[in-house]
Structure formats: C-alpha cells, structure tokens
Amino acid sequence: MNTAGVDGASEGPCFHGGAFFGAIGDEFGDLGRSADIVNADVLDAWFPPAPSVLEALSEYLPWIVRTSPPTDCAGMARVIAETRGVDPAHVLPGAGSSALIFLAFARWLTGGSRVLLLDPTYGEYSHVLALVGCRVDRFTVDRSSGYAVDPDRLATVAAAGRFDWIVLVDPNSPTGQMLPREAMHALLDAVPESTRVWIDETYVDYVGAEHSVERRAARQANVVVCKSMSKAYALSGVRAAYLCGTAETLATLRPWVPPWAVSLPAQIAAVYALRDPGYYAARYEETHALRGRLEAGLARLPGVETVPAVANFVLCHLDPGGPTAATVAARCRETGVFVRDAGNMGTGLGSHALRVAVKELDATDRILESLDDALCRAP
Ligand SMILES: Cc1ncc(COP(=O)(O)O)c(C=O)c1O
C-alpha cells in the first residue's frame, strides 16, 4: 500500500475520455458526424436505450423539453427501489453519478478525513478527494496478479487502518476486475463500523444485477452504493443515477439536493429503462461476445497483452519498446477512432496502458485496424 497525501490546490480537473467531441463539434452544428467516429475512449454503452425509452421520449419530446420535472424524482426513486428490492427511502436520485459523488464527498468528508482508495481506479475519485483535501492511502493492485483485489489483504488493511472511508469501484475501471460476492460480503462484515464503504457499481449490471450490494447498503449504516445509469442503461447523455444507503444516511444529503435535480428526459428514461430488464439482459449477453472478440483481436496485435475483463471495456498493455499509449491514441484519432491512454488512472500503469471500450462489430473492426496501423507505423 502506498500512502500519499494529496494537495487539492495543485490538481487541475480530472482528465476523462470524450476527446471525440473535438471531431463532432461541441456546438453540435453537424451531429451527423457522430456516425463517422468510434468513441471507445469513454465507456458509454455500444447499444441504444430500450425501445420503450426512445418511444416515450420521441413521442412526447416537445412537452418533455418544456416541462418542469417532478421536483424530487419521487417516481424515479420508487421504480428504482422496486427494481432493486429496497425501500424508496433508501434511494437518492441524481443527474449522473458524478453529481452525486461531488455532492456526497463535499458534504460527508473533510480535510481531516482519511480515505483508502484503489490504485488504479476511476480518476475522478482522487480528484474529488484532493479537492476536499483528504488524506488518501492507496490500495495498490498490480499487473502481476491481474489487478485482482486480494480481499483478505484489503480486509486486513481496512481493519487496521482507522480509515474514515474506503472507496471501491466494483467492477473496477480501468482494470475490469471484480471482487467475488462472498469476498465483498466478508469485507463488509469485517470493516469497522466507523469506516464508511463507498461502492461504485457503475458496471455491475454487465456482470449481473444479483452481484450488487444495494440491499446490504439499505440496511448497513456504513455502506453506500453509488449507481450510475449511464453505462449499463445507455443513458450517459440524459444523466441519471442514484445512491443507495440507509434512510438515515441519505437523509443527511437530501436537503442539499436542489429541486428538479434530474431532468424530465432523464427521469422518464430511467423509469422506462428499469421496466425493460429483458432488453438490457440481452444487450449484456451480446456485450460479452463482443468483448471476447475485441480481446482476441487486441491479443493478436503486435506486442499487446490484454487483461481479462468482465464488463464493457478492456485494459491492455502495449510493448514497452514500442509507441506509448498516448502516441497510439493520437494516431488512432487521425482515423476517427478514439481510445483512452489509461496511464493517469493509476500510479503504476505507466505510459503503455490503453483502455478500449466494447463496441458493435463494425466499430470493433475499425478499432483493431486503426490500432494495428498505429502500432506498426514507423516513429
Ligand atoms: C467508475 C465510474 N463511476 C462514475 C462515473 C461517472 O458516470 P456518470 O456521471 O455518467 O454517472 C464513471 C464514468 O465513466 C465511472 O467510470
């Protein structure tokens, strides 16, 4: 484990994928350009939202756009609660999990808080923790063990560490690794009551909703689940997410959620999406087949080693003697293919780690072709 104090004042905003808007234009003058690019640098779903979502939005769009949404998202919270087997009091909706992360971390943590964070992991966490000024200890997972989180070591560190918080992304990004369920429950049994465990389950539905620990969060005061609906329900553009925790825990945040926090398109989309689990289950099955194809294609590229993954993205390591991930990503960009240099998502990933999102067949072929060209091109 590395221990690193983080100086919020010295950090800029967290780097994310999304460079593809440079090719489309962020004033949206020609949205048709979106068809020409492959945005595998962010982990948006490769499939569209459920047909019922699109029908509801398109049929009533003029009314939806001009109408104030239900002030407190109560219907959205009820449908989430029903779907997840918890009470609506255990659900706090938000406009994307990023909004909830910023709200909760700013309200619940202080500059005196001590937090254990996976390394590597989703970069926004170290950024927000730095903003708050927390002391961050890093729980490093490394390449030699396939980036697997050793649950016994984590439980030992958690029990001994007197942490105020532990932040887990499960399945983790960019590594694509997930803790086995029994191990997660054993960890939640072992963590001291004084330590809050924040579990980001953005990608868990790809593996199976039954792996979620939301029900546990609803009854265990020191567990909070953060659930984006962006990636698993194909709703990144509308912004929908929620926190799941005990009623008492969430009650401390509710007064700080502004009215109309979630747009009407997002509330409607979230409700209709949750009511069509069959559609999404079929898309997750297809995702696994597409990921298998992507992994196999990547592994055939010169000098590329892939890390077996469980969700809608694959981490790979490039030949250290060849072009860096930044160079490869820049070369791919020239062909309209966007992939992510993962280097800044962990202290040990280095300059040759690349993360690629799972995409539909044609786009996968384009990614592989573009990467092949980028890797083989003379310096
Ligand atoms: C692990 C993780 N958590 C949270 C987010 C934020 O997602 P959103 O704000 O779209 O809900 C992302 C986005 O990439 C992510 O990868």
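What follows goes from the domains to a helix, the core, the ligand and one arginine.

This is a predicted model, so local features need pLDDT of at least 70, side-chain atom pairs count only at pLDDT 80 or more, and totals for chains, interfaces and linings use all residues. Residues are numbered from 1 along each chain as its sequence is written.

**Two domains**
- The protein splits into domain 1 (16-49 + 278-376) and domain 2 (51-276), with bounds that come from an automatic or database domain assignment.
- Their C-alpha centres sit 24 Å apart.
- Where they touch, domain 1 puts in 27 residues and domain 2 puts in 29; contact means C-beta atoms, placed from the backbone, within 7 Å.
- On the domain 1 side, α13 has the largest share, with five residues.
- That side has 18 nonpolar, seven polar and two charged residues (Ala, Val, Leu, Ile, Met, Phe, Trp, Tyr, Cys and Pro count as nonpolar, Asp, Glu, Lys and Arg as charged, and the others, Gly among them, as polar).

**Helix α13**
- Helices (H or I, at least four residues) and strands (E, at least two) are DSSP runs, numbered from the N terminus.
- Helix α13 covers residues 277-300, and its 24 residues should span 34 Å at 1.5 Å a residue, which agrees with the 35 Å between its end C-alpha atoms; the expected span is 1.5 Å times one less than the number of residues.
- Its buried residues include Y280, R283 and L298 (buried means 20 or more other C-beta atoms within 10 Å of a residue's own, exposed 12 or fewer, partly exposed in between, with C-beta atoms placed from the backbone).
- Among the elements these buried residues pack against are β11 (313-317) and α15 (361-376).

**The core**
- The largest nonpolar core has 117 residues, and L235 and V356 are among those with the most contacts inside it; such a core is a set of buried Ala, Val, Leu, Ile, Met, Phe, Trp, Tyr and Cys residues joined through C-beta atoms within 7 Å.
- Helix α12 (residues 264-274) gives the most to this core, eight residues.
- L235 touches A266, A269, A270 and A273, among others, leaving out residues up to four places away in sequence.

**The ligand**
- Around the ligand are 13 residues, with G96, S97, S98, S228 and S230 the closest (near means a C-beta atom, placed from the backbone, within 6 Å).
- This shell has four nonpolar, eight polar and one charged residues.

**R216**
- R216 is in helix α10 (residues 214-219).
- R216 counts as partly exposed because it has 18 C-beta neighbours inside 10 Å.

Definitions and conventions
Contact = placed C-beta atoms within 7 Å.
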